[in-house]
Amino acid sequence: MGEGADIRGGRLPAAAYDENFADLQPPLAKKEAVVEAARCYFCYDAPCVQACPTAIDIPSFIRKIQTGNLKGSALDILEANIMGGTCSRVCPTEVLCEEVCVRTVQEGKPVRIGRLQRYATDALFATGVRPFTRPAATGRRIAVVGAGPAGLACAHALARQGHDVVVYECRAKAGGLNEHGIAAYKMANDFAAQEVAFILGIGGIELRLGHALGRELTLEALRRDHDAVFLGVGLGATNRLGLAGEDLSGVLDAVDYIEELRQSPDKASLPVGRHIVVIGGGNTAVDIAVQTKRLGAETVTLVYRRGAGEMGATGHEQEIAQLNGVLIRHWARPVALEGVDGRVAGITFEHTRRGAAGGLEGTGERFTLAADQVFKAIGQTLLADELAGSGLAIDSGKLRVDDELRTSVEGVWAGGDAVAGDDLTVRAVEDGKRAARSIDRALRN
Amino acid sequence: MADLRCTIAGVKSPNPFWLASAPPTDKAYNVVRAFRAGWGGVVWKTLGEDPPIVNVSSRYGAVHFRGNRMAGFNNIELITDRTLEVNLREITEVKRDWPDRAMIVSLMVPCEEASWRAILARVEATGADGVELNFGCPHGMSERGMGSAVGQVPEYIEMVTRWCKQHTRMPVFVKLTPNVTNILAPARAAVAGGADAVSLINTINSITAVDLDAMAPEPVVNGKGAHGGYCGPAVKPIALCMVAEIARDLDCAGVPISGIGGIETWRDAAEFMALGAGSAQVCTAAMHYGFKIVEDMADGLANWMDEKGYATLDDFRGAAVGNYTDWGKLDMNYDIKARISDELCIGCGLCHIACEDTSHQAIRFTQDAGKRRFTVIDAECVGCNLCMHVCPVEGCITMEEVSQGRPYMTWAEHPRNLQSQKAAE
């Protein structure tokens, strides 16, 4: 640990970056898709549809792949989930539709619903056809804050009802986590931007970038200037370890690094350590671990305080990490950061176990891992500055909403990661869709 | 190990698996490869009078079913496009080199006695074991008054068969076309003409698909398509029915049958034989997978025969013919009900929706604690088997007999049959 930190870009030959950040799973070829589609039994009242947060009519879209009706197939998907393209790439299908597929019950091998969904939506995108249109304008104007999955889904659904929508986005680019947060190899070929263009293509949606709540915007002004407001602001803050030395150079937030990586056209320019330690057990932890490995880190160790079964990352994600050479260590929690000359040099963990009351307790045994970079991926929270003085009620760190996604403030709806629920793109899209329905009803009354 | 040796109309072969008259038997090169692979015999691709015919391209269409290739196959190819002399020379050589294999030569010449007499003499000189009269080919040649144009007129069949029997000592197989309303008329005509055996089915008139861009039937030949002859797995049920009709027909008097039509496996062949076929002719399966498939056909059949205790093909040939009957002789008192295994059920709901939408509303769908459950309502179940057929899980839905010992009763005896009541009065 005495040596200086080894952090630099360009660890790999130039060609390796393209390969490492290309599609994790290549699209299905036509023949593969048709054969896979033929495996679908076209179940009655299908379990997969019930397991999909957006209730896509899965047997129907798969049958249409089989018959060569790819436009109809893609529309079945997009009518239910306007981000069906992203969801086909990032949904944890192994714990949603594919988990309950009767083929899983029968033979342990589900119909590959996610990959078929991608096949159908890719085909529509390739045609350049914009199938959705707006009816005559209603003259109603809705503000959507946050151009992530929840906000864009809400905006699109409102535009389809003829409303005018202004989408405010704090970043320089729309797309939210699709554009800034998801691992690069899941969203290859700038798919997030393509999808945003597709969604905005319906018309009636004005996008205002660089507008943040609590900065350029106040909820009060938004309410005054619009007929309704939808907040899809996500979780803007990250949790801290609460350890001394957390401000050492080389101790980083995984989400910040991933955002930089996603926006960086030249992956070789990203500085990456020789030895990496990641703390956390969710998808962000896996994403940062795998991506730093693919940037050329020599060792990447992901440390999680509980067991594999308790990890937020699905079994499939854990496998991806392991296939990429990430070492996952369970049952250990960080207790001290080791620094040299203001830079992190290592991190000490204490082994943990389940205590008598079911809680977590330390065993007293410790170990130290050398690290040039330590990535924190231990969860995100609402950004307090955004909501200061808004009057919005908060429960357990999330915006309080009712069953129609109405917040405690009249005329303000919310959805996505800012409200309680699974932190999935597909759930955020469903929130946006449901909130739009509720807003539309409210405005027509 | 079961004895697979086959004798049909006096023609012997080491096993009953023959390649049907078609492209795989067009020349010595293919036939020798087939014999090396283990085929018991071949019917050489149809010879005609010189000059040889000319074919078009393309020649084949296919029906691919849900990602599986060639569930059905169709061709617009004609008879051999090589000279008679070349074919006869090769037949002679191959038969000389492979004396234990069945060598049948398919023939098609104009409906004139002199034409048949002339070609028969030349074929006989090759040492071939028999001839097969191609009265079946439904495309191209039929437009020239041959093939199925003959096979659709029983009088012609009888006449030509009789000529052939007069002019050769070789056994005469008559190959029948299925493109008729009742297969018995041509079959009986062949028997009346003295046929030693019948071969069936030839291909069925077909258009496999329409190219919706070219707006022409497939296969498209420069913008146009003609009907072809359909074969492959899809035609097997039609072929089995026609074979069975002949096998049970008293007028056909037990004429030996060489079964053809969608035979791909030993099991297919066993089914044809159970309905009375002697040998089993194969074409599409070989064209799809090559000649090696005969290995499984031969040892699969032998293993099954061993399991069943059949020592020779004769031990089970025709065993199902007696059970092939008319609807009016079926037992009206036989009653079965569907039984769904909760343990095997994967919850797809296809049984329920098939019954609910299209049949008898006899399968109830309930969900308890997330478990999808399907239960048969016995009072509504008519024992139709639809649920069993749509169920994707082997053995999950079975049919249980609930006849409760009621006696065998045909429609003729049924109280709701007004004719039977009149008879009783």
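Chain B has 13 helices and 20 strands, where helices (H or I, at least four residues) and strands (E, at least two) are DSSP runs numbered from the N terminus. This is a predicted model, in which local features need pLDDT of at least 70 and side-chain atom pairs count only at pLDDT 80 or more, while totals for chains, interfaces and linings use all residues. Residues are numbered from 1 along each chain as its sequence is written, and chains are lettered from A and ligands numbered from 1 in the order in which they are written.

Turning to overall shape, the C-alpha atoms of chain B fill a box of roughly 75 × 60 × 45 Å along the principal axes. A compact globule of 425 residues would have a radius of gyration near 22 Å, and the 25 Å of chain B agrees with that; the radius is taken over C-alpha atoms, and the globule rule is 2.2 Å times the number of residues to the power 0.38. Of the 425 residues in chain B, 46% are buried. Here a residue is buried if 20 or more other C-beta atoms lie within 10 Å of its own, exposed if 12 or fewer, and partly exposed in between, with C-beta atoms placed from the backbone. Take the contacts in chain B with a separation of 6 or more: 72% of them involve residues 24 or more positions apart, a contact being two residues whose C-beta atoms, placed from the backbone, lie within 7 Å.

Chain A comes with 18 helices and 19 strands. Buried residues account for 49% of the 445 residues in chain A. Among contacts between residues at least 6 apart in the sequence of chain A, 71% join residues at least 24 apart.

The largest nonpolar core has 150 residues, and Cys154(A), Phe230(A), Val278(A), Ala289(A), Leu302(A) and Ala414(A) have the most contacts inside it. Such a core is a set of buried Ala, Val, Leu, Ile, Met, Phe, Trp, Tyr and Cys residues joined through C-beta atoms within 7 Å. Helix H10 (residues 149-160) of chain A gives the largest share of this core, eight residues. A second, separate core has 102 residues, including Met70(B), Ile157(B), Trp163(B) and Phe173(B). Leaving aside residues up to four places away in sequence, Ala414(A) touches Phe230(A), Leu231(A), Leu399(A), Val401(A), Leu405(A), Thr407(A) and Val419(A).

Phe173(B) also belongs to strand S9 (residues 172-175) of chain B, where Phe173(B) and Lys175(B) point one way, Val172(B) and Val174(B) the other, and all are buried. S9(B) runs parallel to strand S8 (residues 130-134) of chain B, joined by four bridges, and parallel to strand S10 (residues 197-200) of chain B, joined by three; two strands pair if DSSP finds at least two bridges between them. Lys175(B) stands opposite Asn134(B) and also opposite Ser199(B) in S10(B).

In chain A, three strands make an open antiparallel sheet in the order S12-S13-S14. Strand S12 (332-340) and strand S14 (360-370) are the edge strands, each pairing on one side only. S12(A) and strand S13 (residues 343-354) pair over eight bridges, with Ala332(A) opposite His351(A). His330(A) counts as partly exposed because it has 17 C-beta neighbours inside 10 Å. Trp331(A) lies in the loop between S11 and S12 of chain A and has a phi near 55°, a positive value in a residue other than glycine.

Most residues other than glycine have a negative phi, and most peptide bonds are trans. Gln361(B), however, has a positive phi near 50°. Cis peptide bonds join Ser57(B) to Ser58(B), with omega about 0°, and Glu218(B) to Pro219(B), with omega about -5°.

Finally, the contact between the chains takes 12 residues from chain A and 11 residues from chain B. Helix H2 (30-38) and helix H8 (102-107) of chain A each supply at least two residues of the side that touches chain B.
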